[in-house]
Amino acid sequence: MTQTGPRRLHNSGMEDESRDQSPSSSTGMRLIVPLQGIVQGRGGLILGSVIPCAMFYFLQFYLKRRRSPPNPPEHHTSSPPSPAPSSSNLTELSRSASRSNLLMSRGSIGRPHVSSRVHCIAKSNDSPYYIGLDKVSADPYDSFSNPNGVIQLGLAENRLTLDLIENWIAEKLNDSILGGGLSVSGIATYQPFDGMPELKVAMAGFMSQVMGRTVTFDPSQIVLTSGATSAIEILCFALADQGNAFLIPAPYYPGFDRDMKWRTGVELIPVHCRSSDNFTLSIPVLDQAFNQARKRGQKVKGILLSNPSNPVGNLMTRETLFSLLDFAREKNIHIISDELFAASTFGDEEFVSMAEIIDSEDTDKDRVHIVYGLSKDLALPGFRVGVIYSYNENVLTVSRKMTRFSPVSAPTQRIVTSMLSDTTFIKDFTERNRERLRAMYDLFVEGLEELGIGCTKSSGGLYCWCDMSGLIRPYNEKGELDLWDKLLNVAKINITPGSSCHCIEPGWFRCCFTTLDEKDIPVVIERIRSVVETCKSPS
Amino acid sequence: MKPNFQNSANNPPETTAGSTGIFTDMRVIVPLQGVVQGGGSGVVLGSIIPCALFYFLQLYLKSKNRTGDDPSAPPPPQLPEISPPGGELQRAQSVRSIWSPRGANGQAQVSSRGSSVIKHPDSPYHLGLKRASENPYDESRNPDGIIQLGLDENKLSMDLVQDWLMVHTKCSTICQELQINGITAYHPFDGLSELKMAVSGFMSQVMEGRVFFDPSHMILTSGVTPAIEMLVFCLADVGNAFLVPSPYSPDLDRDIKWRTGVEIIPVPCRSSDNFSLSTTSLNRAYNKAKKRGLKVQGVIISNPSNPVGNLLSQETLYNLLDFATEKNLHIIATEILAGAGDDKNQEFVSMAEIIDSEEYDRKRVHIIYGLSKDVSLPGFRVGVIYSSNQNILQASKKLARFSSISSVSQRLLISMFNDSRFVGEFIRTNRERVERMSSLFVGGLKNLGIKSMKSSRGSYCWADMSGFIRPYSEKGELELWEKFLNVAKMNVTPGSCCHCIEPGWFRFCFTGLTENQIPLVMERIQKVL
């Protein structure tokens, strides 16, 4: 280097000057290499390397900042196509696609521009899950008034115990809203956004009763929101930044795609579970998904699990939960445990709450957050009461502040408070609810078995997860959606195809049986049979 | 120049030796110079090489950071019980604390937006609310408590609502045509269509029938706060900005900025213009934002203005629309207080009216309405988005899943609104009471020598106390506020919380009081002055 250097300098064109006078030669050089002037000053060695580095660093920073906003839309646009092409045969789907195209173009021509995130949401092609739901609400089955309507098996809603709730409300409604020595100022005035203290106490009692067993829940760790949907979104806001990711065992509840991603800009990375393992979560698969995400440069902030699992309906064992906790600790990530169906269990297995696991640990309580709600276990989805239960003081603070965006309405809080405080009613309710669920599940599964359709063994939830892979042709997502379409339009039954739940194996369907009456079951089975036979005949 | 040279070569004796010697010398000292000096490509190489080195350094650090986690990861699971987790955590901590400033302690981290919410300091407005709710005034039980004048809440007509609820609660929730199914089951997230009809009827009634609100252009949310947030989500991306005439509601900062990542650019209005909005100041704010590189997506106005309480005149609204059209902006008009109070001199003009009659693009105007103030039912948490923009409606409908209203409240409201006799009487009585209260309160202030803005509607008055603050700055204002809170035991909202550009203004919400409390409030104010 020392020898080549001078020779090169001679070629630089400034050689005459440099040979004449050493000082002026340095000026010449400075002209050529912009940084040299500074480099040659005191501390040249350091400055000479630091300055370009700093500039480069800022360039990177600038590029990153510039790149980040367009990034999420890119992801969104890349995700919808997967359902789109496969579903292009379906009339509804193609129509909704064209509608959104129209929307898009109008948005770009029409002068006032909306945000790019709104495009993602308006454009997000409805998955079969939502199309089915819409179809049912447009033409609902009723044994008398509309016997040719679509039967709802796609919505996890429990109507088996409506009579119990009805009796209670008929008896206690007025007292619970207005009574108890409280005047209207208790319900009409501003209330704390994160829920009234009385309701928190009642909720903690209820949670201890239905899912605690050995643990008691602390009212001060509860934040109430308008439904579990917003509970999950708030947690997501609190735990992750735009572009971060959560691992989620798939198949998972189709609504999570909306709950977790839309406004928060967070990504979901499915961790695929297979039928061969009975759709249980294994840590190596989790680890693999984690590492892949890392390699892609994504920052994984946590795991979102539902226990009892929705849509499969199985429970997580104590061992799985412990190893999950170990995994989370090792990677320093959070766990959101969605235990919405905790009391809607009917199998022999026992439900183990994450709270129970964390209770026996001394450390790491602050990485576990539980989501609960009354929509499923108390069959009150219309009331919109969701719960965040966290051990992390920071998360609780953020959540409390964010409940300003989704508070529970005061009259509802009053009713729910007195309902939950009525422990004899709750005890009676949960017991009878379990019995009825069990009976309904047995009936429904038996009916399906007669048709040769098997289900995974499930012990919780309001649904069963059935294997119709023998009925689909071709054996892929398209075949699955064809069958779904037939069931919806020919047999007039709305069920949720596995692809909406991001199941990796085609041919699985989620059927919710709790909106039915016992006498509806033969009708449902008959309707499924009609489609099953057409599927079987060619083979 | 020569000194330069000498300095760079840390070897002064040799510099004098000869030019060629110098060059070699320099090359030795500044490692890159040799390469840099060669050929015409010097400029390029001289900058690229350090960059590349730096890049590789970053890459190395990153990979080290990653592998630093992995190899050490396997052991802990094998080790049983409590002690390894602790050690594990510490290790994770040390790795993180070096490379990311956020990972200060090895505990599970909150997101950066989460921690910014935590760190976001409580403004005097929120501090005051907290203090007042911890130690509320009660005539008999807690006469030394803090009187709440900071919360914009109408308790004047509570008795009417109470009477109605006493009679109708049960019937409205259950008996009413359907069974229990109607309230426990899932319902459309964006509100029951019956309630939309009822609300649109009520809104028309409040506007005295001048406007018809189309129920199909309505989205119901659980409160005004989520309604505003949802609109902002729909209209702007992270880093975009909205122009907001200041002083503005102290809640707006949280409502808009926290989760959406949108900025607010205040458009200062002054007392000399009666705090009314002028197009010149709008233009100035817009240009300033442009200069800062911010993309302005719209204007958020409140009409009647909160905290000032004045109405935007028809002319102002036209000007605003012209401005929005020219700059291609959206307008979010919060008309939450439209029904409260009455004024013979000036008529309330809704944005919906103007849009109805004129040639303006309806798609850029979005109205927010709520029942918190007009029907004095803030506990029910009902907000309304009214827009003619199909894009926005569709998106909001989908987003309503995050803040839908409980069916119980919806049922109650449906039957309440359908009881048109009650609604008519309520609106009338409520207006009378608010007006009476307003004149009493303003009169009381006047007796103390405090001038307040001529407020047309709204449940508060905007008082000028600039004569009582020393120094004449935000500091003086906050000192007075503190005196109010700690000495006089009353919570008021200082203008600085509302981003008022002039110090010394305060907002007093008087609708939480009863008539006989007014002398007490005046007494307490006097104590401070």
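The legends below describe close-up views of a predicted model. In this model, local features need pLDDT of at least 70 and side-chain atom pairs count only at pLDDT 80 or more, while totals for chains, interfaces and linings use all residues. Residues are numbered from 1 along each chain as its sequence is written, chains are lettered from A in the order in which they are written, and side-chain values use heavy atoms, with hydrogens and water left out.

**View 1. Nonpolar cores with residues of chain A.** The largest nonpolar core has 110 residues. A nonpolar core is a set of buried Ala, Val, Leu, Ile, Met, Phe, Trp, Tyr and Cys residues joined through side-chain atoms within 4.5 Å; buried means under 20% relative accessible area, exposed over 50%, and partly exposed in between (1.4 Å probe, protein chains only). Phe246(A), Phe444(A), Ile453(A), Cys464(A), Leu483(A) and Leu516(A) have the most contacts inside this core, a contact being heavy atoms within 4.5 Å. Leaving aside residues up to four places away in sequence, Leu483(A) touches Met468(A), Leu471(A), Ile472(A), Phe509(A), Val531(A) and Cys535(A). A second, separate core of 75 residues includes Ile269(A), Val300(A), Leu315(A) and Leu380(A).

**View 2. Helix H14 of chain B.** Helices (H or I, at least four residues) and strands (E, at least two) are DSSP runs, numbered from the N terminus. The buried residues are Leu252(B), Asp253(B), Arg254(B), Asp255(B), Ile256(B), Trp258(B), Arg259(B) and Thr260(B). Gly261(B), with a positive phi near 70°, follows H14(B).

**View 3. Strand S5 of chain B and its neighbours.** Strand S5(B), residues 296-302, is mostly covered, with 6 of its 7 residues buried. Two strands pair if DSSP finds at least two bridges between them. Strand S3(B), residues 241-246, runs parallel to S5(B) and is joined to it by 3 bridges; Ala241(B) has Val296(B) as its bridge partner. Strand S6(B), residues 330-334, is also parallel to S5(B), with 5 bridges between them, and Ile300(B) stands opposite Ile332(B). Together with helix H16(B), residues 314-327, strands S5(B) and S6(B) make a right-handed β-α-β unit. Right-handed means that, with the strands pointing away from the viewer, the path from the first strand over the helix to the second runs clockwise.

View 4. Over all chains, 29 aromatic pairs are found. Rings of Phe, Tyr and Trp (its six-membered ring) pair if their centres lie within 6.5 Å; planes under 30 degrees apart count as stacked, over 60 as edge-to-face and the rest as tilted. Phe341(A) and Tyr463(A) are edge-to-face, at 5.3 Å centre to centre and 80° between the planes. Phe341(A) lies in the loop between strand S6 and helix H18 of chain A and Tyr463(A) in strand S10 of chain A, so the pair ties together parts that are 122 residues apart in sequence. Phe422(B) and Phe426(B) form a tilted pair, at 5.9 Å and 40°. These two residues are 4 apart in helix H21(B), and are therefore separated by about one helical turn. Phe422(B) is buried at 14% relative accessibility, and Phe426(B) at 2%.

**View 5. Arginines over tyrosine rings.** Arg258(A) lies over the face of Tyr130(A), 3.5 Å from the ring centre. The criterion is NZ of Lys or CZ of Arg within 6 Å of the ring centre and within 35 degrees of the ring normal. Tyr130(A) is also one of the residues in an aromatic cluster with Tyr129(A), Tyr252(A), Tyr253(A) and Phe256(A). In chain B, Arg507(B) lies over the face of Tyr460(B), 5.5 Å from the ring centre.
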